[in-house]
Amino acid sequence: EAALAEGAGLRVRDVPQALEMALALLADAAKCDEMGRRAAHFAKMSRGALERLVAWLEPRVASRARVRG
């Protein structure tokens, strides 16, 4: 969802629509370049997300383990 909101991706309902959108992007270099820039920016901003999630989860999982343990 976040990538869609940032204009870094597209949602399609099926394979024929995916092919149609891919062909449309290939035919529109400016739109393709812009989406590529947005995707690169989205990836850069998302870097480290797994580490942040693990850091957030660890104390919560540990506290539950102590309660059950």
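1. In this predicted model, V61 lies in helix α4, which runs over residues 49–68. The residue is exposed, because its relative accessible area is 53% and the cut-off for that class is over 50%. V61 also belongs to a nonpolar patch on the surface, which it forms with L50, L53, V54, W56 and L57, and the accessible area of these residues together is about 560 Å².

2. A reader turning to helix α2 will find that it covers residues 15–27, that is, 13 residues, and that the distance from its first C-alpha to its last is 18 Å, close to the 18 Å expected at 1.5 Å a residue. At the start of this helix, a side-chain oxygen of D14 comes to within 2.9 Å of the backbone nitrogen of Q17.

3. Q17 itself is placed in helix α2, and it counts as buried because its relative accessibility is 16%, where the class requires a value under 20%. When neighbours within four places in sequence are left aside, Q17 is in contact with R11 and V12.

4. M35 is found in helix α3, which spans residues 29–46. With a relative accessibility of 15%, M35 counts as buried, and, once its neighbours within four places in sequence are set aside, its contacts are with G7, A8, G9, L10 and L25. As for E6, that residue is 29 residues from M35 in sequence, while the C-alpha atoms of the two are 9.2 Å apart in space.

Note on methods
Residues numbered from 1 in each chain as written. Predicted model: local features only at pLDDT ≥ 70, side-chain atom pairs only at ≥ 80, totals over all residues. Heavy atoms only, no water. Helix = DSSP H or I, 4+ residues; strand = E, 2+ residues; numbered from the N terminus. Expected span 1.5 Å × (residues − 1). Polar contact = N/O pair within 3.5 Å; in protein donor to acceptor, adjacent residues only side chain to side chain. Buried < 20%, exposed > 50% of the residue type's maximum accessible area, 1.4 Å probe, protein only. Contact = heavy atoms within 4.5 Å. Patch = residues over 30% accessible without salt bridge, like charges linked within 9 Å, V, L, I, M, F, W, Y side chains within 5 Å. Areas by Shrake-Rupley, 256 points an atom, 1.4 Å probe, with all protein chains shown as cover. Salt bridge = Lys/Arg side-chain N within 4 Å of Asp/Glu carboxyl O.
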